[in-house]
There are 2 protein chains.
Amino acid sequence: MSAARADNRTRLIQAAVKMAHRHGFEKSSLADIAQEAKVPLGNVYYYFKTKEAIGEAIVEQRLQEYEALRRAWDEASSPKERLCACVQAVLANKDILASGGCPVGTLCSELHKEDGALAKKASALFAEHLDWIEAQFKALGRGDGARGLAVHLLSALQGVSVLAHGFHDPDLVVIETGRLKEWIGGL
Amino acid sequence: MSAARADNRTRLIQAAVKMAHRHGFEKSSLADIAQEAKVPLGNVYYYFKTKEAIGEAIVEQRLQEYEALRRAWDEASSPKERLCACVQAVLANKDILASGGCPVGTLCSELHKEDGALAKKASALFAEHLDWIEAQFKALGRGDGARGLAVHLLSALQGVSVLAHGFHDPDLVVIETGRLKEWIGGL
C-alpha cells in the first residue's frame with residue numbers, strides 16, 4: 001500500500017473510532033466517517049467494503065491501545081502497583097468517560113444487542129483485560145478468589161463509567177477509583 | 001381513551017420496551033415496534049407522533065417498574081436488608097442481563113451518545129436509584145461516606161451487567177452479587 005493510501009486508511013480508522021465513541025457505531029454512517037476523515041466517500045470502499053469491516057478495524061485499534069497500556073502497567077514492580085496503574089488509567093480518562101462512556105464498554109453493549117462476529121471480537125477485549133487482572137490477583141497470592149476479585153474490580157471500573165456517562169460527571173470516577181486503590185492497597 | 005385504544009397503547013409500549021432492550025432503541029423502528037405489538041403501522045401515529053415520544057414512554061415504563069421494586073424493598077425491616085433486596089433484584093434478573101444487558105444502563109448509554117431531553121430523562125432513573133441507595137447507607141450511620149458507598153454499590157451492579165452481557169454469562173452476576181451482599185453484611 002502506498003504512503004498516501006496507508007495515510008487514508010489510518011485517518012478513516014481514527015475517524016471511525018472517534019465517531020463510534022461520540023455517536024455510537026450504528027449511528028456513524030460510512031458517509032459521516034468519510035467526511036470526518038476528509039476522504040472522498042467514493043474512495044472509502046477501497047479500504048473498507050462494509051460497515052462491519054470498519055467495526056473490525058475499530059476493535060483492532062482499541063486492542064492495540066489496550067496492549068500498549070498493558071505493557072506500561074506490566075513495568076510496575078508489584079501486582080498491587082500494576083492493579084493501581086490500571087485503575088489510574090481509568091482515572092486519567094475521566095473526562096472522556098463522562099462525555100461518551102467507556103469506549104470499549106459502550107461498543108460492546110451496542111454490538112451485543114445484535115450479537116454476531118463483531119460483538120464476539122469486541123468481547124475478546126474484555127476477556128483479555130479480565131484475565132490480566134486475574135493474573136495480578138493470583139500473583140498477590142489470591143489463587144482461589146482471584147477470578148471473583150477480577151470480576152469485582154472490572155465491574156466497578158465499567159460501572160462507574162456507565163454512571164459518569166449517565167450523569168456527565170467525571171467526579172464519580174475520582175470517588176470510585178480512589179476507593180478501589182485503597183481497597184487494592186489493603187488486600 | 002377507549003379500552004381498545006388504551007390496549008393498543010399498552011401493547012405498543014410493551015413492544016417498544018422489549019425491542020429497545022433486545023436490539024437497542026435506535027435500531028428499533030416504529031415499523032418494527034408496530035409489527036411486534038400487532039398494531040397497524042398507520043395507527044401508531046395516533047398514539048406516538050415521533051420516535052422520541054416512544055422513547056419517553058419506555059423511560060416512563062422503566063420508572064414505574066423501578067418504583068414498584070423500590071416499594072417492595074422499602075418493606076424490608078433494616079437498611080442492610082433493603083440494600084440486599086436491591087442486590088437480590090439484580091441477581092433475579094441475571095439471565096436478562098446476560099442476554100441484553102441492563103435495560104436502564106444500556107438505554108442510558110445509548111441515549112447519552114446523542115444527549116438531548118430523552119437522555120436526561122433516562123438518567124433521572126439512575127439518579128433516583130443512587131439517592132435511594134445513599135439514603136440506606138445514611139440510615140446505617142454512614143453519613144459522610146454514604147454517597148461514595150452508593151456510587152460503589154451502583155457501579156458494581158451496573159458494571160457486572162456490562163460484563164455479563166459482554167460474555168453472555170449470568171454466573172458473573174451470581175459471583176458479584178454474592179460478594180456485594182457479604183460486603184453489605186459486614187459494614
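This is a predicted model: local features need pLDDT of at least 70, side-chain atom pairs count only at pLDDT 80 or more; totals for chains, interfaces and linings use all residues.
**Entry 1. How the chains meet**

I began with the contacts between the chains. I found 41 residues of chain B in contact with 41 residues of chain A. I then looked up the area buried between chain B and chain A, which is about 3,500 Å². Carbon and sulfur atoms give 64% of that area.

Next I asked which surface each copy uses. Of the interface residues of chain B, 100% are also interface residues in chain A, so the copies meet through the same surface.

**Entry 2. The symmetry**

A rotation of 180° superposes chain B on chain A, with 0.0 Å of shift along the axis. The RMSD is 0.0 Å. That relation is the one of a two-fold axis. The C-alpha of B:Gly159 is the nearest one in that chain, 1.8 Å from the axis.

**Entry 3. Polar links across the interface**

I turned to the polar side of the interface. Between chain B and chain A there are 19 residue pairs in polar contact, with both residues at pLDDT 80 or more. Which elements of chain B give two or more residues to the side that touches chain A? I noted α1 (3–23), α6 (94–100), α7 (103–112), α8 (117–139), α9 (146–167) and α10 (171–186) of chain B. The largest share comes from α9(B), with 15 residues. By class, this side of chain B has 15 nonpolar, 18 polar and eight charged residues.

Then I looked up the salt bridges. The count between chain B and chain A is four. Over all chains, the structure holds 20.

**Entry 4. B:Lys27 and its partners**

One salt bridge pairs B:Lys27 with A:Glu26, with the closest N and O atoms 3.5 Å apart. B:Lys27 also meets A:Glu114 in a salt bridge, at 4.0 Å from N to O. Where do the two residues of this second pair sit? B:Lys27 is in the loop between α1 and α2 (30–37) of chain B, and A:Glu114 is in the loop between α7 (103–111) and α8 (117–139) of chain A, so the pair joins two chains.

B:Lys27 has a relative accessible area of 35% and is partly exposed. A:Glu114 is also partly exposed, at 37%.

**Entry 5. Helix α7 of chain B**

I asked how enclosed α7(B) is. Nine of its 10 residues are buried, so the rest of the structure largely encloses this helix. Among the buried ones are B:Pro103, B:Val104, B:Leu107, B:Cys108 and B:His112.

B:Ser109 belongs to helix α7 of chain B. Its relative accessibility is 10%, so it counts as buried. What does B:Ser109 touch, leaving aside residues up to four places away in sequence? I found A:Thr106, A:Val162 and A:His165.

**Entry 6. Salt bridges within a chain**

I next looked inside single chains. In chain B, B:Glu65 forms a salt bridge with B:Arg62, and the closest N and O atoms are 3.0 Å apart. The two are three residues apart in helix α4 (residues 51–74) of chain B, so about one helical turn separates them. B:Arg62 is buried, with a relative accessible area of 15%. B:Glu65 is partly exposed, at 31%.

In chain A, A:Lys94 pairs with A:Asp95, with the closest N and O atoms 3.9 Å apart. A:Lys94 is partly exposed, at 25% relative accessibility. I also found a network of salt bridges that links A:Asp131, A:Glu134, A:Lys138 and A:Arg147.

Last, I looked up phi. Most residues other than glycine have a negative phi. A:His168 has a positive phi of about 50° and is not a glycine. A:His168 sits in the loop between α9 (146–167) and α10 (171–186) of chain A. It is partly exposed, at 32% relative accessibility.

I checked the other chain. B:His168 has a positive phi too, near 45°. B:His168 lies in the loop between α9 and α10 of chain B. Its relative accessible area is 33%, which makes B:His168 partly exposed.

Methods:
Residues are numbered from 1 along each chain as its sequence is written. Chains are lettered from A and ligands numbered from 1 in the order in which they are written. Side-chain values use heavy atoms; hydrogens and water are left out. Contact means heavy atoms within 4.5 Å. Buried area is the accessible area (1.4 Å probe) that two parts lose on being put together, summed over both. A salt bridge is a side-chain nitrogen of Lys or Arg within 4 Å of a carboxyl oxygen of Asp or Glu. A polar contact is a pair of N or O atoms within 3.5 Å; within protein, one must be able to donate a hydrogen and the other to accept it, and residues adjacent in sequence count only if both atoms are side-chain atoms. Helices (H or I, at least four residues) and strands (E, at least two) are DSSP runs, numbered from the N terminus. Ala, Val, Leu, Ile, Met, Phe, Trp, Tyr, Cys and Pro count as nonpolar, Asp, Glu, Lys and Arg as charged, and the others, Gly among them, as polar. Copies are superposed by least squares on the C-alpha atoms of residues with pLDDT of at least 70 in both. Buried means under 20% relative accessible area, exposed over 50%, partly exposed in between (1.4 Å probe, protein chains only).
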